[in-house]
Amino acid sequence: MSAADALPEPDGFTDIEQADAAVLDGLEPGDVVTYGEVATVAGYPGAHRAVGSFLRRSGGQFSWWRVVTASGRLVPHNVEEQTRRLRGESVEVRDGRVIG
């Protein structure tokens, strides 16, 4: 991640980033939500891609592993790490997807 892609301090977040951050900060171990659910709860229905972009730029600041696609699929480029983290929170994962 380049310096230009790094997220600003929370006071410098856009409105949608602040709303996404609030939703993500509220997730607890074992919670799994979709990108679309984060966007909707944050007040920006349909902005699921913005959630993904925000998480990509967050540098691990938020619990990215608790967010999956609408079909339950894990992050394609980091399936092993996401699987490990979710299973550590007692979430069932099989074949790159959250089960249940």
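**View 1. Surroundings of Thr 34 in the predicted model.** Leaving aside residues up to four places away in sequence, Thr 34 touches Val 67, Val 68, Thr 69 and Ala 70, where a contact means heavy atoms within 4.5 Å. Thr 34 belongs to strand E1, which covers residues 33-34; helices (H or I, at least four residues) and strands (E, at least two) are DSSP runs numbered from the N terminus. With a relative accessibility of 16%, Thr 34 counts as buried, the classes being buried for under 20% relative accessible area, exposed for over 50% and partly exposed in between, with a 1.4 Å probe and protein chains only. This is a predicted model, in which local features need pLDDT of at least 70 and side-chain atom pairs count only at pLDDT 80 or more, whereas totals for chains, interfaces and linings use all residues. Residues are numbered from 1 along each chain as its sequence is written, and side-chain values use heavy atoms, with hydrogens and water left out.

**View 2. The salt bridge between Glu 89 and Arg 66.** The closest N and O atoms of Glu 89 and Arg 66 are 2.6 Å apart in this salt bridge, a term that requires a side-chain nitrogen of Lys or Arg within 4 Å of a carboxyl oxygen of Asp or Glu. The pair links distant parts of the chain, 23 residues apart: Glu 89 sits in the loop between helix H4 (79-88) and strand E3 (93-94), and Arg 66 in the loop between helix H3 (48-57) and strand E2 (67-68). Glu 89 counts as buried at 18% relative accessibility, and Arg 66 is buried as well, with a relative accessible area of 8%.

View 3. Glu 92 and Arg 94 form a salt bridge in which the closest N and O atoms lie 2.7 Å apart. Glu 92 is partly exposed, with a relative accessible area of 42%, and Arg 94 also counts as partly exposed, at 44% relative accessibility.

**View 4. Arg 84 and Glu 81 within helix H4.** The side chains of Arg 84 and Glu 81 meet in a salt bridge with an N to O distance of 2.6 Å. Both residues lie in helix H4, 3 residues apart, which is about one turn of the helix. Arg 84 is exposed, with a relative accessible area of 52%, whereas Glu 81 is partly exposed, with 22%.
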